[in-house]
Amino acid sequence: MKLNTKDLISAAILIGCAVIGLWLNTDHTMGTARRMGPGYMPFLGFAILLALGVIVLIIGLFNGPDPIARWTGPEIGFLLAGAAAGTAAGLVASKVGGWPSAGWNSLGLGMFVGCMVVAVVKSWRPLFLISAAFALFGLLLEPAGLMATIAICVILSAFADETHTPKGVAGLVLFLCVLCYAVFIYELDIRVPVWPQF
Amino acid sequence: MDLLANLGHGFGVALTLNNLLFCLIGCVIGTAIGVLPGIGPVATISLLLPITFGQPATTAIIMLAGIYYGAQYGGSTTAILLNLPGEVSSVVTTLEGYKMARRGRAGAALSIAALGSFFAGSVATILVAASGPLLTQVALSFGPADYFSLMFLGLIISAVLAQGSVVKSIGMVVFGVSLGMVGTDVQTGQQRFTFGIPELSDGVGFVSIAMGMFGIAEIILNLERPEARSVMSGKVGSLMMTREEFRRSIPAVLRGTTVGSLLGILPGGGAALASFGSYMMERKVSKGRHEFGTGAIEGVAGPEAANNAASQTSFIPLLTLGIPANAVMALMVGALIIQGIQPGPRMVEAQPDLFWGLIASMWVGNLMLLVINLPMIGVWVKLLAVPYRHMYPSIMIFCAIGVYSLQNNVFDVYQTVVFGIFGYLCSKLRLEAAPMLIGFVLGPMMEEHLRRAMLLSRGDPMVFLERPISATMLAIAFIALVAMLLPNVRKGKDSALAEGG
């Protein structure tokens with residue numbers, strides 16, 4: 001047997017989705033082929049997905065080896081820590097009331113905290129720092145306004161690439177603020193708070 | 001002539017000031033991202049989708065189309081001058097084009113790339129105009145069962161032609177279809193898989209998926225790779241071709257246009273496949289085949305004509321049948337649906353402005369690109385001096401603002417983060433994102449046609465085999481699938497796609 005790690009993980013994802021989908025789909029009426037209920041097509045889709053997942057799994061047992069880059073201890077540790085911290089932060093935020101619980105802020109806070117924890121590890125930085133900056137954008141946009149949000153998110157995302165210089169980042173922030181103001185506010189006139197609201 | 005009158009109408013639409021302006025913007029942006037490696041047309045179009053919503057549907061589609069074929073022009077510039085394909089579709093141009101540049105014939109290579117593209121673009125424009133109404137007539141006789149089978153065929157072929165494992169690609173297609181089931185069931189109004197989240201009752205955000213899987217995931221993957229950009233070797237030289245070069249290019253351009261037009265129409269086809277197909281053909285049949293590897297002009301002329309022809313003919317299935325042939329066309333479907341237009345055979349009659357205006361704008365756009373590209377080549381090459389560390393935060397911010405402005409809801413922003421991480425994971429596992437996007441777009445339509453077909457046939461699935469059109473489609477899909485299981489064919493495809501990028 002030559003295990004193909006990439007295929008096996010892919011199979012796990014496909015099968016996982018299919019099983020969860022089939023289980024959730026038990027809530028919906030199937031109907032008959034002639035009069036299909038809301039559950040008919042999803043059942044068909046997830047059943048085929050399950051079958052394909054199993055085929056990928058079987059193929060993956062033999063067509064390897066195709067290993068993925070091995071994760072180091074800290075990489076695994078911080079990934080788990082990030083998932084735990086993110087979930088915890090999200091749950092706490094949804095309970096405390098006020099701004100953290102309003103709207104989708106608890107979801108955003110959970111994502112942001114989780115991604116930031118994982119981004120401590122250098123090799124995870126491109127993935128999770130960009131994701132964190134993106135989540136932060138969602139958190140800050142409405143209270144802090146577009147200009148401040150652009151500045152903060154660009155600065156945060158700049159840490160994902162080591163070749164940045166402080167001067168270059170400052171220039172980039174200025175450039176993007178002017179460009180976004182011109183394109184989105186002046187030209188397209190989208191409904192976004194521009195300046196911080198107190 | 002009906003066709004001429006219609007084209008005249010189209011030019012009337014395309015030549016209004018606003019449409020001309022947006023066509024130009026699309027072409028300029030397309031050229032820019034074509035030149036820049038690390039951002040492709042799929043990411044750019046999903047990035048700019050929200051910006052176009054304020055515009056009428058015709059203007060929006062004209063601009064988005066300009067980005068797609070503009071990218072084919074721009075991609076060849078860096079491929080020839082720097083051995084650096086800006087797009088997947090110009091990978092094969094580097095093979096002969098860069099060799100020509102090393103011999104000091106960069107100018108000639110750039111000229112033939114632009115002129116060949118323009119010629120192919122003009123032919124493809126006529127082809128779209130002529131075949132549109134014709135195919136529409138055919139499409140109007142399609143029943144729901146035929147539609148279902150046609151979409152099924154499109155999905156299978158898009159998976160078969162995707163890179164890597166066919167089973168995994170089909171898996172991604174089905175995953176996309178399943179993802180399309182999220183939201184309110186059209187016929188009963190029941191909420192499916194929404195977990196009680198009101199934002200999901202309209203389905204998972206199309207723009208969020210596209211931006212996450214193609215925009216954000218792309219940024220992250222590029223950041224992980226070290227930046228490697230060679231400096232330009234030598235000068236561009238004279239843009240004039242010698243008579244000999246010109247004479248040799250003509251048949252190559254003609255062949256490239258033919259191959260490209262055909263491969264563009266094919267579901268799952270598109271610019272990348274076309275340029276590769278044309279390169280293979282030139283290497284086998286052109287008179288200059290013994291020169292291949294040392295800078296044969298046929299190897300530039302053919303593929304460049306082909307990718308431009310294909311990027312335009314791939315609009316044919318979309319405009320006539322409402323079926324996207326590749327990921328870019330899936331984005332166009334998304335754009336149309338958000339604008340409130342259901343793509344399908346009725347579009348030619350119901351939206352003549354859009355249909356004929358788009359076709360006319362393609363020709364206008366090709367003319368603009370000729371001007372944008374040839375005399376201003378130096379400007380575009382300078383664009384490469386922009387380091388990626390300045391590009392990625394800009395892409396990120398544009399994504400974020402765009403996705404928020406869709407519904408002024410931060411939920412869409414968080415959705416995009418999830419799809420960004422998922423897209424990164426998929427590319428690490430070699431699960432293709434493009435088939436998934438096509439599946440997602442076609443899924444809800446397939447469900448509707450399946451339901452209707454089964455209702456009409458009183459629950460008898462044989463209807464799919466009894467109707468000749470439907471049976472033919474299913475047979476082709478079956479043959480395509482079986483062919484991929486044969487080891488020889490599969491090896492051929494793998495090596496072809498590996499070389500083609």
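Predicted model: local features only at pLDDT ≥ 70, side-chain atom pairs only at ≥ 80, totals over all residues.
Chain A has an average pLDDT of 86, and 98% of its residues score at least 70. Within chain A, helix H3, residues 73-96, has the lowest confidence, with a mean of 86. Helix H5 of chain A, residues 125-158, has the highest, at 91.

Chain B averages a pLDDT of 83, with 94% of its residues at 70 or above. Which element of chain B has the lowest mean pLDDT? That is helix H23, residues 487-500, at 58, while H19(B) has the highest mean, 91.

Now a quick look at chain A. It is divided into domain 1, covering 5-60, and domain 2, covering 73-187. Taken over C-alpha atoms, the centres of domain 1 and domain 2 of chain A are 34 Å apart.

Next, the place where the chains touch. How many residues does each chain bring to the contact? Chain B brings 53 and chain A brings 59. On the chain B side, the elements giving two or more residues are helices H8 (166-179), H9 (206-224), H18 (388-407), H19 (410-428) and H20. Sorted by class, that side of chain B has 31 nonpolar, twelve polar and ten charged residues.

Let's zoom in on one helix pair across the two chains. Helix H2 of chain A, residues 40-60, and H8(B) have axes that come within 9 Å and cross at roughly 155 degrees. An angle over 145 counts as roughly antiparallel, so H2(A) is roughly antiparallel to H8(B). The crossing of these two helices is left-handed. On the H2(A) side, the contact residues include Phe46(A), Leu49(A), Leu52(A) and Val56(A). On the H8(B) side, they include Ile170(B), Gly171(B), Val174(B) and Phe175(B). Altogether the contact of H2(A) with H8(B) has 13 nonpolar residues, four polar and one charged.

Two of those chain B helices, H18(B) and H19(B), also pack against each other, with axes 7 Å apart and an angle of about 135 degrees. That angle makes H18(B) oblique to H19(B). Their crossing is right-handed. From H18(B) come Cys399(B), Ala400(B), Val403(B), Tyr404(B), Leu406(B) and Gln407(B), and they meet Val410(B), Asp412(B), Val413(B) and Thr416(B) of H19(B). By class, this contact of H18(B) with H19(B) has seven nonpolar residues, two polar and one charged.

One last pair, also in chain B. Helix H14(B), residues 327-338, packs against helix H20(B), residues 433-456, at an angle of about 30 degrees, and their axes are 9 Å apart. Are they roughly parallel or roughly antiparallel? With that angle, H14(B) is roughly parallel to H20(B). Their crossing is left-handed. Here Ala327(B), Ala330(B), Val333(B) and Gly334(B) of H14(B) meet Ala434(B), Leu437(B), Ile438(B) and Val441(B) of H20(B). The contact of H14(B) with H20(B) has seven nonpolar residues, one polar and no charged ones.

If you want a place to begin with the model on screen, find H2(A) and H8(B), with their axes within 9 Å.

How values were computed:
Residues numbered from 1 in each chain as written. Chains lettered and ligands numbered in written order. Axes fitted to C-alpha atoms, helices over the stretch in contact; angles between N-to-C directions. Helix = DSSP H or I, 4+ residues; strand = E, 2+ residues; numbered from the N terminus. Parallel < 35°, antiparallel > 145°, perpendicular 65-115°, else oblique. Left-handed = near helix turned anticlockwise from the far one by under 90°. Contact = placed C-beta atoms within 7 Å. Nonpolar A, V, L, I, M, F, W, Y, C, P; charged D, E, K, R; others polar. pLDDT = per-residue confidence, 0-100. Domains from an automatic or database assignment.
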